[in-house]
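This report considers a few local features of a protein chain. The sequence and structure are shown first, and the discussion follows.

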Amino acid sequence: MGEPDDLPMPTVVSGRSVIDAANTCVVLDQVNGPLVLDIDGVVLRRGDDVVPITVTEFLLLRELITHPEKALKRVHLLRAASPDGRQHLRAKNLPPHIRRIRTKIEADPDNPVIIKTVRGLGYRFDPQG
């Protein structure tokens, strides 16, 4: 293993979010404690605790964070949650999935600041939160 100086330094995406140099971990929230989405490990952590997340929730969250500040259409998110090309998730089921993600990552899911609804279009990840 390399010396500490040899390790990749994280890149600041915004005041709230940090993604590591290898694009494998994203710190979603530094304000309310470190909330990290490990993209390679397919795991969400708050501090040392694993936050249970379904595959669908993970795929949706990964898609949102890889397009920060961009409003993603519902159809785009539905496709992202169906990597095999067969759309298992229906449009009417998207809001409950987003709601469950918000309960896991937002300090106040009723007033989201990380994943925002874009009326008539879809959702946006706001790294500034």
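## Basis for the contacts

A polar contact is a pair of N or O atoms within 3.5 Å; within protein, one atom must be able to donate a hydrogen and the other to accept it. The model discussed here is predicted.

Glu106 lies in the loop that runs between helix 3 (94-105) and strand 8 (115-118). Although buried, Glu106 has no salt bridge.

Which backbone nitrogen does the side chain of Glu106 reach at 2.9 Å? That atom belongs to Ile115. The Glu106 side chain also reaches the backbone nitrogen of Ile114, at 2.8 Å. Leaving aside residues up to four places away in sequence, Glu106 touches Pro112, Val113, Ile114 and Ile115.

Most residues other than glycine have a negative phi. Val42 has a positive value, with phi near 50°. Val42 is located in the loop between strand 4 (35-38) and strand 5 (43-46), and its relative accessible area of 44% makes the residue partly exposed.

Glu69 likewise has a positive phi, near 65°. The loop between helix 1 (55-65) and strand 7 (72-73) contains Glu69. With a relative accessible area of 49%, Glu69 is partly exposed.

Technical notes
Residues are numbered from 1 along each chain as its sequence is written. This is a predicted model: local features need pLDDT of at least 70, side-chain atom pairs count only at pLDDT 80 or more; totals for chains, interfaces and linings use all residues. Side-chain values use heavy atoms; hydrogens and water are left out. Helices (H or I, at least four residues) and strands (E, at least two) are DSSP runs, numbered from the N terminus. Buried means under 20% relative accessible area, exposed over 50%, partly exposed in between (1.4 Å probe, protein chains only). Lys and Arg count as positive and Asp and Glu as negative; His and the chain ends are not counted. A salt bridge is a side-chain nitrogen of Lys or Arg within 4 Å of a carboxyl oxygen of Asp or Glu. Contact means heavy atoms within 4.5 Å.
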